[in-house]
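Here are some notes to read alongside the structure, for anyone meeting it for the first time. Have the viewer open and follow along point by point.

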Amino acid sequence: MLIVLAEATLGEGAAEAGRAAFDAMVTASRAEAGCLGYSYAIDLLDPTKFHAIEKWVDEAALAYHFATPHMAAFQAALRELDITITQLLKYQADDGTPLS
């Protein structure tokens, strides 16, 4: 499994202005066959900090994701917003085990 973690800094109004693009990206990405999880969040202690958490079955699924029309549309939408990506990392992981 691959885990992708991203962080970005949001300028004033960027979260609201990008809401439709964020919603569309999450919905379309979650529908992809190789997607195990896809979420966005605003940091509760710092509303200018945006987090993305993605889980993919393998490299092929992630490569497919980057080539989708919804990714192209999302990238175009981001260029219109005051958002600076500060971290974008990919991790190889096992399927995990419960912490109980």
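1. Let's start with a question: which exposed residues does the face of H2 turned away from its buried side carry? Look for Ala20 and Thr27; those are the exposed residues on that face. Bear in mind throughout that this is a predicted model.

2. Now for the other side of H2. Phe22, Met25, Val26 and Ser29 are the buried ones here. Around the helix axis they take up an arc of only 95 degrees, so they sit on the same side of H2. The background is simple: an α-helix has 3.6 residues a turn, so residues three or four places apart point the same way.

3. A quick check on the helix itself. H2 runs over residues 19–30, which is twelve residues, and at 1.5 Å a residue it should span 16 Å. The C-alpha atoms at its ends are 17 Å apart, which agrees with that expectation.

4. The crossing of H2 past H4 is left-handed. On the H2 side, Ala21, Phe22, Met25, Ala28 and Ser29 make the contact, and they meet His70, Met71, Phe74, Ala77 and Leu78 of H4. Phe22, Met25 and Ser29 turn up again here, having already been listed as buried.

5. Next, find Cys35 in strand S2. Is Cys35 buried or exposed? Its relative accessibility is 12%, and since buried means under 20%, Cys35 counts as buried. Setting aside neighbours within four places in sequence, Cys35 is in contact with Ser29 and Arg30, and also with Lys55 and Trp56. His65 is 30 residues from Cys35 in sequence, yet their C-alpha atoms are 8.6 Å apart in space.

6. Last stop: Leu5, in strand S1 (residues 2–10). Leu5 has 32% relative accessibility and so counts as partly exposed. Not counting residues up to four places away in sequence, Leu5 touches Ala52 and Ile53, as well as Gln87, Leu88, Leu89 and Tyr91. Pro47 is 42 residues from Leu5 along the chain, and 18 Å separates their C-alpha atoms.

How values were computed: Residues are numbered from 1 along each chain as its sequence is written. This is a predicted model: local features need pLDDT of at least 70, side-chain atom pairs count only at pLDDT 80 or more; totals for chains, interfaces and linings use all residues. Side-chain values use heavy atoms; hydrogens and water are left out. Helices (H or I, at least four residues) and strands (E, at least two) are DSSP runs, numbered from the N terminus. The expected span of a helix is 1.5 Å times one less than its number of residues. Buried means under 20% relative accessible area, exposed over 50%, partly exposed in between (1.4 Å probe, protein chains only). The arc is that of the directions from the helix axis to the C-beta atoms. A crossing is left-handed if the near helix is turned anticlockwise from the far one by less than a right angle, and right-handed if clockwise. Contact means heavy atoms within 4.5 Å.
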